[in-house]
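Visitor: Got a model to go through. Can you walk me around it, briskly?
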Amino acid sequence: MASDSPESLMTLCTDYCLRNLEGTLCYLLDNETLRLHPDIFLPSEICDKLVNEYVELVKTDSIFEPHESFFTLFSDPRSTRLARIHLREHIVQDQDLEAIRKQDLIELYLTNCEKLTAKSLQTLVSFSHTLISLSLFGCSNIFYEEENPGGCEDDCLVNPTRQVLVKDFTFEGFSRLRILNLGRLIEGVNVETLLRPLASLAALDLSGIQLNDVGFLTQWKDSLVSLVLYNMDLSEEHIQVIAQLRKLRHLDISRDHLSSYYKFKLTRRVLNLFVENLVNLTSLDISGHTMLENCTIPSMEEKMGQTSIEPAKSSIAPFRGLKRPLQFLGLFETSLCRLTHIPAYKVSGDKNEEQVLNAIEAYTEHRPEITSRAINLLFDIARIERCSQLLRALQLVITALKCHKDDKNIQVTGSAALFYLTNSEYRMEQSVKLRRQVIQVVLNGMESYQEVTVQRNCCLTLCNFSIPEELEFQYRRVNELLLNILNQSRQDESIQRIAVHLCNALVCQVDNDHKEAVGKMGFVMTMLKLIQKKLADKTCDQVMEFSWSALWNITDETPDNCEMFLNYSGMKLFLECLKEFPEKQELHRNMLGLLGNVAEVKELRPQLMTSQFISVFSNLLESKADGIEVSYNACGVLSHIMFDGLEAWGICEPHREEVVKRMWAAIQSWDINSRRNINYRSFEPILRLLPQGISPVSQHWATWALYNLVSVYPDKYCPLLIKEGGIPLLKDMIKMASARQETKEMARKVIEHCSNFKEENMDTSR
């Protein structure tokens with residue numbers, strides 16, 4: 001099972017400080033600008049963690065509020081030191097980098113920071129004397145600056161600024177820079193000129209850049225150990241240059257075979273050239289390539305013996321020349337990954353679960369287009385077979401969903417995979433911490449995408465969790481998201497059904513504070529709108545029944561929600577549903593259960609005191625729908641109304657005595673051993689009907705309810721009755737002259753049941 005150990009103290013403190021900056025590290029200047037307290041001095045280990053975790057929270061936690069002046073907290077290296085920071089996407093802007101320009105950064109990763117412009121290139125120069133590792137991956141606007149063609153203030157009103165490519169920037173002065181990622185650099189930048197000042201590059205990533213001439217790479221033939229040319233259209237000239245880079249330990253010439261047409265085809269000769277010349281190679285990625293000729297050994301020889309990673313037995317003929325197995329070999333979406341003997345400890349491919357997980361792991365950060373297809377393969381494995389590396393699979397999918405929150409393909413495939421990876425078959429292997437991470441990325445997906453497939457996948461995945469227990473830590477957020485789905489004008493029927501089911505489960509068995517909070521979000525109104533729409537369509541389906549059930553649950557012991565139900569014409573819908581669907585037993589039970597909750601609220605009972613409503617309740621006393629449930633709930637509603645006394649009976653028809661007579665007849669017709677479709681969290685509304693002489697029939701209904709429940713479900717309801725002080729109330733009632741003899745007899749049996757239960761469960765061990 002995955003570890004449930006708590007987060008490190010460092011992680012917990014960082015998270016707390018970021019969520020409470022004003023109460024911990026900072027104060028507000030002029031009610032808007034954050035300032036560090038003057039007595040705080042933080043080393044780079046803490047500052048790096050604060051910045052990197054801040055970026056992660058802004059990206060993945062919708063509740064977290066970003067601060068415009070956050071990066072200014074690190075403007076003075078005398079009090080705060082930064083060394084290694086990773087900034088992503090829209091979170092960082094030019095002024096943020098400018099704020100930390102005095103820091104001696106060693107490592108700066110900027111990933112898909114599309115808001116950065118050429119102003120940030122000048123800020124980078126500030127770090128040139130210390131920077132060892134730099135990534136500008138996907139920073140598509142960083143080589144653009146704004147230019148106003150008019151050149152005067154008046155013209156600015158007429159001529160909007162336009163983007164102009166900066167062509168004179170180079171890495172001159174970046175003397176310590178060893179690792180550089182320029183992936184997805186925009187066209188027009190002269191890469192050779194840009195890089196020429198760098199004396200001794202060790203790692204270079206030129207992913208997605210099309211260069212006809214890469215001869216300049218040979219200037220680092222004595223230092224370059226890692227070269228990534230993903231999605232570069234190669235030629236024979238490229239291959240000859242690569243073969244000269246004899247220090248290479250990692251070479252990636254992989255491609256996305258769906259992105260465009262590539263003329264270049266891998267051949268046996270090319271692979272032989274790599275093996276012969278790049279003798280230090282430990283990692284090679286040729287994923288997505290089409291082999292122009294057969295590079296494999298004869299099939300008979302290939303299938304002989306046990307699977308081996310020894311180069312001498314390699315099924316890929318050119319790799320028999322390797323001196324040792326590769327640490328990593330990328331073969332994703334190539335035919336080579338399906339061979340038996342592959343000379344590598346780790347292989348990415350589509351042959352089996354191990355290869356697919358390796359692919360997700362290798363490509364998640366910078367290649368979402370590949371990652372989504374790999375996750376789709378994992379989805380098939382989890383759906384059809386059994387996932388043997390569950391925890392690794394879950395963590396990788398979670399990471400991909402977090403990393404690419406705005407990528408539709410990742411969100412669709414990832415949420416689908418999560419549904420199968422979190423089902424009951426795998427539950428025992430998952431820790432609370434891991435399952436919470438799943439819930440958070442699922443809710444992120446629901447927030448970011450209104451697309452039907454994502455919404456359906458996310459809702460289905462939530463159904464794999466114990467509700468409400470496992471969702472309680474995100475209770476408000478999940479309810480808001482579900483209500484948002486249900487309030488959309490155009491709805492997918494399947495999503496609507498799942499969302500209503502989840503809403504119903506979320507308000508069942510939670511405390512009243514939760515129910516009241518959800519009620520204020522518009523829960524009652526949303527359910528009534530769904531019911532109204534189904535009524536208009538003359539349809540009584542699961543959505544209709546779940547909506548009434550949800551209203552039954554959310555009104556339990558919550559007077560405010562009961563009042564909302566009445567204020568939003570709930571009784572009108574009740575009557576219309578009763579008339580339109582006279583044979584729908586479960587619907588009737590849910591509606592009457594809800595009205596029982598309304599009737600428990602003394603201030604609301606006068607609204608039920610109409611001839612129409614009382615006649616309906618009286619007629620339902622004789623209903624046999626759903627066993628005794630409809631009759632029982634109707635009698636419960638009337639019992640609370642009768643409890644208000646004769647003077648509260650403000651109608652002429654039907655007569656109070658006539659209704660009382662029908663209530664007695666109904667109670668006497670019920671089987672005391674009836675199994676119930678009901679769940680009491682408290683007996684308080686029932687117990688308040690015992691110590692009174694106003695309405696003996698209400699007293700009898702309450703006693704019958706207790707007798708039935710402690711008889712049929714003693715383990716659950718005997719302790720509850722004892723705990724809530726029901727026994728003394730029953731004893732007092734037995735002494736009352738106004739109570740009926742049969743009611744007293746029933747009360748004695750309830751007391752006897754509870755007494756026997758206590759004796760049977762008494763601890764006699766010494």
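Guide: Start with Gln455, which lies in helix α15 (residues 452-462). Helices here are DSSP runs of H or I, at least four residues, and strands are runs of E, at least two, numbered from the N terminus. This is a predicted model: local features need pLDDT of at least 70, side-chain atom pairs count only at pLDDT 80 or more, and totals for chains, interfaces and linings use all residues. Residues are numbered from 1 along each chain as its sequence is written, and side-chain values use heavy atoms, with hydrogens and water left out.

Visitor: Is Gln455 buried or exposed?
Guide: Buried, with a relative accessible area of 3%. Buried means under 20% relative accessible area, exposed over 50%, partly exposed in between (1.4 Å probe, protein chains only).

Visitor: What does the side chain of Gln455 reach?
Guide: The backbone oxygen of Met446, at 3.3 Å. That is a polar contact: a pair of N or O atoms within 3.5 Å, where within protein one must be able to donate a hydrogen and the other to accept it, and residues adjacent in sequence count only if both atoms are side-chain atoms.

Visitor: And which residues does Gln455 touch?
Guide: Leaving out residues up to four places away in sequence, Gln455 touches Met446, Tyr449, Gln450, Ile485 and Ile495. Contact means heavy atoms within 4.5 Å.

Visitor: How confident is the predictor?
Guide: Mean pLDDT is 91, and 96% of the residues reach 70 or more. pLDDT is the predictor's confidence in each residue, from 0 to 100. Over residues 155-160 it is below 50. That stretch has seven contacts in the model beyond near neighbours in sequence.

Visitor: Switching to cores. Which residues touch the most other members of the largest nonpolar core?
Guide: Trp548, Phe565 and Phe574, out of 159 residues. Such a core is a set of buried Ala, Val, Leu, Ile, Met, Phe, Trp, Tyr and Cys residues joined through side-chain atoms within 4.5 Å. Helix α28 (residues 696-712) gives the most to this core, with nine residues. A second, separate core has 105 residues, including Leu87 and Phe174.

Visitor: What's around Phe565?
Guide: Its contacts, not counting residues up to four places away in sequence, include Trp548, Leu551, Met571 and Val598.

Visitor: Where does Ala243 sit?
Guide: In helix α7. Ala243 is buried, at 6% relative accessible area. Not counting residues up to four places away in sequence, it touches Leu273, Asn277 and Leu278. Both Leu273 and Asn277 are among the buried residues of helix α8 (residues 268-277). The buried residues of α8 pack against α7 (236-244) and β11 (250-252).

Visitor: How many aromatic pairs?
Guide: There are 21. Rings of Phe, Tyr and Trp (its six-membered ring) pair if their centres lie within 6.5 Å; planes under 30 degrees apart count as stacked, over 60 as edge-to-face and the rest as tilted. Phe70 and Phe74 are edge-to-face, 5.4 Å centre to centre with 65 degrees between the planes. Tyr680 and Phe683 are tilted, at 5.9 Å and 50 degrees.

Visitor: Which residues do ring pairs link into a cluster?
Guide: Tyr54, Phe64, Phe70, Phe71 and Phe74.

Visitor: Last one. What polar contact joins the side chains of Arg373 and Glu333?
Guide: One of 2.7 Å. Arg373 lies in helix α11 (residues 368-384). Among the residues it touches, not counting those up to four places away in sequence, are Asp256, His257 and Phe332.
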